[in-house]
Amino acid sequence: MILLVAVTGRDCSQLIARLQALLPEVDVQLWSECSNYEAVEFVLAWNAPADLWPKLVNLKAVSSFGAGVDSIDLSAIAAHVPVVRIVDDNLANDMAEYVLTHVLAHKLRLKEYYLKQSACTWKPKRAYAHQHVGILGFGELGKAAAMKLVANGFKVSAWSNSEKQHPEVSCYHTQQGLNEMLPLVDYLVCLLPLSQHTAGIINEALLTMLPPHAVVINVARGKHVIDTDLISALDSNKIRAATLDVFTEEPLDKDHPYWSHDKITLTPHCAALSDINSVVEQISANVKRLVYGEELINKVDRTKGY
Ligand code: NDP
Ligand code: OXD
C-alpha cells in the first residue's frame, strides 16, 4: 500500500520521513515521484494537482493536511471515499490565543498607537469599553476561541449551521439568527469552513448590519470576504477596523490595497499552523485504522462538505 503525500507549496521531506518511521509497513511517497498510482490507498492532500485524482483508482481514504478541507476538490473523489481532517487541541489553542490577542489589540487601540508612534504623536485615549464578540462558526476552533474570550471577561455569541445551546455563549443559527446577532456585536470573528454557502458571506449586506464601531477578524478563508465591500465599509466608516489572516490569493499580492490600509491589520495565514507532530500522529493513526478495517477519526461529513 502506498500513502501518497500530495501536499504542494512546501518541502515534504521531513513529513515523509516522519510518516515512514511511524508506518514501516507502508510505502510513503511524494506525489511527484509516485511509482505506482494503482497501489495508492491513502492520500495526504493540500492543494494536490487536479490531474492526480483520476489516476488513483484504488483510493480508500484522503486526509487534509490541515483543519480545513477546502484545499481538496471533494467532487473529484468518489463519494464512498472517507475524507478526514486535522483536529488538534494545540491548533485550537493557537487559534483561540490569536483571536483573543487581536480582539484585545483593537480594544486597546494598538494599531492607532503604532501609527501615532511613526509620527511621534503623543495622544493617550481610554481603551474601548466594547465587550461583545460574535463568532461565525461554532465548531472546533470557534468553540476554543469562545471559551478563551469568555475566560477573559468577554460576552460571546456564536452562529452555526445547526441549532445549539451553550451555558456561556448565546447561540444563533439560520439567516434570521445571523441578522439578530450582527447588530449586537462589537467584534465579528469568522471561523467558518469555506463552502458554497459561506463563500462571500462577509459582504456589503452583512457589514451594513454591524454597528459602526465593529471590528471584523477573518481567520477562516480569504474567500469568505468580498474584498471591495470590506474596503469600502472601512473607508466609509461603516465599520472601524479589520484583522485579516487569510486571503483569496496567498501569498497576498504586493500591490493589494490591504497591505497599506490604515484600518487593516494583516498577518500571513499564521493564526494556527498545523503542527507536524500532530499531523503525523493523526495520519498514521488513520492509516492504521484503514489497514485494520476500523472507522477513521475526524471524518468530514461529505454531504455538508466540512
Ligand atoms: P468545524 O467544522 O469544526 O466547525 C465549523 C463551524 O461552522 C460549525 O459550527 C458549523 O456549524 C459552522 N458552519 C458551517 N457551515 C455553516 C453555514 N453555512 N452557516 C452557519 N454555520 C456554518 O471547523 P473548525 O472550527 O475546525 O475550522 C474552521 C475553519 O477555520 C477551517 O475550515 C479553516 O478554513 C479555518 N482555519 C484557519 C486557520 C488559520 O491559520 N487561519 C487554521 C485552521 C483552520 P455546525 O456546528 O452546526 O455544523
Ligand atoms: C488549516 C489552515 O485549515 O492552516 O489548517 O488554514
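Hi everyone, let's start at ligand 2, which has Trp46, Gly66, Ala67, Gly68, Arg221, His269, Ala272 and Ser274 around it. A residue counts as near a molecule or strand if one of its heavy atoms lies within 4 Å of it. Before going on, please keep in mind that this is a predicted model, where local features need pLDDT of at least 70, side-chain atom pairs count only at pLDDT 80 or more, and totals for chains, interfaces and linings use all residues. As for bookkeeping, residues are numbered from 1 along each chain as its sequence is written, chains are lettered from A and ligands numbered from 1 in the order in which they are written, and side-chain values use heavy atoms, with hydrogens and water left out.

Back to ligand 2. By class, its shell has 3 nonpolar, 4 polar and 1 charged residues. Here Ala, Val, Leu, Ile, Met, Phe, Trp, Tyr, Cys and Pro count as nonpolar, Asp, Glu, Lys and Arg as charged, and the others, Gly among them, as polar.

What does ligand 2 touch through its oxygen atoms? A polar backbone atom of Ala67 is 2.7 Å from an oxygen atom of the ligand, and a polar backbone atom of Gly68 is 2.8 Å from an oxygen atom of the ligand. From a side chain, a polar atom of Arg221 lies 2.8 Å from an oxygen atom of ligand 2. On its own, ligand 2 has 210 Å² of accessible area, and the protein covers 87% of it. Those areas come from the Shrake-Rupley method with a 1.4 Å probe; for residues, only the protein chains shown count as cover.

Now to ligand 1. There are 30 residues around ligand 1, and Arg85, Leu141, Ser162, Lys164 and Tyr306 come nearest. The shell divides into 14 nonpolar, 10 polar and 6 charged residues. Helix H4 (140-151) and strand E7 (155-160) each supply at least two residues of that shell, and H4 gives the most, with 3 residues. When I say helix or strand, I mean DSSP runs numbered from the N terminus: helices are H or I with at least four residues, strands are E with at least two.

For its contacts, an oxygen atom of ligand 1 is 2.8 Å from an N or O atom in the side chain of Arg85. A polar backbone atom of Leu141 is 2.8 Å from an oxygen atom of ligand 1. On the nitrogen side, a polar side-chain atom of Asp245 lies 2.9 Å from a nitrogen atom of the ligand. Taken alone, ligand 1 exposes 940 Å², of which the protein buries 93%.

Next, the sheets. Strands of a sheet pair through backbone hydrogen bonds, either parallel or antiparallel. Two strands pair here if DSSP finds at least two bridges between them.

One open sheet has 7 strands in the order E8-E7-E6-E9-E10-E11-E12, with parallel pairing. Its edge strands are E8 (169-173) and E12 (264-266), each pairing on one side only. Within this sheet, 4 bridges join E10 (residues 215-218) to E11 (residues 241-244), and Val215 stands opposite Ala241 in E11.

The other open sheet has 5 strands in the order E2-E1-E3-E4-E5, and the pairing is parallel. Which strands stand at its edges? They are E2 (27-30) and E5 (83-84), each with a single partner strand, so one side of each is left without a neighbour in the sheet. E1 (residues 2-7) runs parallel to E2 and is joined to it by 4 bridges, with Ile2 standing opposite Asp27 in E2.

Finally, a few local details. The peptide bond from Glu250 to Pro251 is cis, with omega near -5°, and Pro251 is found in the loop between E11 and E12. Asn47 has a positive phi near 50°, in a residue other than glycine, and lies in the loop between E3 (40-46) and E4 (61-64).

My last stop is Asp235, in helix H7 (residues 227-235). Asp235 and His261 are 26 residues apart in sequence and 9.4 Å apart in space, C-alpha to C-alpha. Their side chains are joined by a polar contact of 2.8 Å. Such a contact is a pair of N or O atoms within 3.5 Å; within protein, one must be able to donate a hydrogen and the other to accept it, and residues adjacent in sequence count only if both atoms are side-chain atoms.
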